[in-house]
Amino acid sequence: GIEAPVGATSVVAAARSRPGEPSSLDRQLARLADQRAAEILQAVRERRPRAWLAVDDLDLSHRLHERHFVRTDEAAGLTEGGRRRAVGALQGQLEPRVVT
């Protein structure tokens with residue numbers, strides 16, 4: 001019962017390391033995750049969807065709230081547990097909120 005994705009995000013310029021700064025794999029992955037999260041948040045601001053979810057094998061949890069992010073396993077892809085979390089997150093965003 002979930003509609004197909006709307007589309008792909010645009011590319012936001014990546015932050016570059018300073019000249020002479022050591023470039024470790026962890027730093028590169030962190031920069032890539034920051035760039036990916038920025039692309040997603042830019043698309044959300046532009047499209048203003050009623051509900052949205054990012055599904056990625058990069059760890060974007062430091063930039064995206066858990067109700068908007070499900071991390072996949074790069075080897076296994078979206079597992080059954082990930083699928084359940086994704087559906088639950090979207091359903092939670094679409095349920096009317098009761099203000100008390």
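Where is Arg 48 found? I located Arg 48 in the loop between helix H1 (25-47) and strand E1 (54-56).

**Ground rules**

I am working with a predicted model, in which local features need pLDDT of at least 70 and side-chain atom pairs count only at pLDDT 80 or more, while totals for chains, interfaces and linings use all residues. Residues are numbered from 1 along each chain as its sequence is written, and side-chain values use heavy atoms, with hydrogens and water left out.

**Entry 1: the whole chain**

I began with the elements and noted 2 helices and 2 strands. Helices (H or I, at least four residues) and strands (E, at least two) are DSSP runs, numbered from the N terminus. Read from the N terminus on, their order is α-β-β-α.

Next I looked up burial: of the 100 residues in the chain, 24% are buried. Buried means under 20% relative accessible area, exposed means over 50%, and partly exposed is in between (1.4 Å probe, protein chains only). The chain exposes about 7,700 Å², and carbon and sulfur atoms supply 52% of that area. Accessible areas come from the Shrake-Rupley method with a 1.4 Å probe, and for residues only the protein chains shown count as cover.

For contacts (heavy atoms within 4.5 Å), I took those in the chain with a separation of 6 or more; residues 24 or more positions apart account for 43% of them.

**Entry 2: helix H1 and what follows**

I followed H1 from end to end. H1 has 23 residues and reaches 33 Å from its first C-alpha to its last, close to the 33 Å expected at 1.5 Å a residue. The expected span is 1.5 Å times one less than the number of residues in the helix.

At the N-terminal end I found a cap: a side-chain oxygen of Ser 24 lies 3.2 Å from the backbone nitrogen of Arg 27.

After H1 comes Arg 48, with a positive phi near 45 degrees, although Arg 48 is not a glycine. I also checked its accessibility: Arg 48 is exposed, at a relative accessible area of 71%.

Which residues of H1 are buried? I listed Ala 33, Gln 35, Ala 37, Glu 39, Ile 40, Ala 43 and Val 44. E1 is included in what covers them.

**Entry 3: the core**

I then asked which residues make up the largest nonpolar core. There are 9 in all: Ala 33, Ile 40, Val 44, Trp 52, Ala 54, Leu 58, Leu 60, Leu 64 and Phe 69. H1 gives the most to this core, with 3 residues. A nonpolar core is a set of buried Ala, Val, Leu, Ile, Met, Phe, Trp, Tyr and Cys residues joined through side-chain atoms within 4.5 Å.

Leaving aside neighbours within four places in sequence, Trp 52 is in contact with Ile 40, Leu 41, Val 44, Leu 64, Arg 67, His 68, Leu 90 and Gln 93.

**Entry 4: salt bridges**

How many salt bridges does a search of the whole structure find? I noted 6. A salt bridge is a side-chain nitrogen of Lys or Arg within 4 Å of a carboxyl oxygen of Asp or Glu.

One of them joins Arg 36 to Asp 56, with the closest N and O atoms 3.1 Å apart. Arg 36 lies in helix H1 and Asp 56 in strand E1, so this pair ties together parts that are 20 residues apart in sequence. Buried or exposed? Asp 56 is buried, with a relative accessible area of 12%, whereas Arg 36 is partly exposed at 25%. I also saw that Arg 36, Glu 39 and Asp 56 are linked in a network of salt bridges.

Not counting residues up to four places away in sequence, Asp 56 touches Arg 36, Phe 69, Val 70, Arg 71 and Thr 72.

Another bridge pairs Asp 59 with Arg 71, whose closest N and O atoms are 3.8 Å apart. Asp 59 lies in the loop between E1 and strand E2 (69-71) and Arg 71 in strand E2, so the pair ties together parts that are 12 residues apart in sequence. Asp 59 counts as partly exposed at 34% relative accessibility, and Arg 71 counts as partly exposed at 46%.

Glu 80 counts as partly exposed, at 43% relative accessibility.

Terms used: A polar contact is a pair of N or O atoms within 3.5 Å; within protein, one must be able to donate a hydrogen and the other to accept it, and residues adjacent in sequence count only if both atoms are side-chain atoms.
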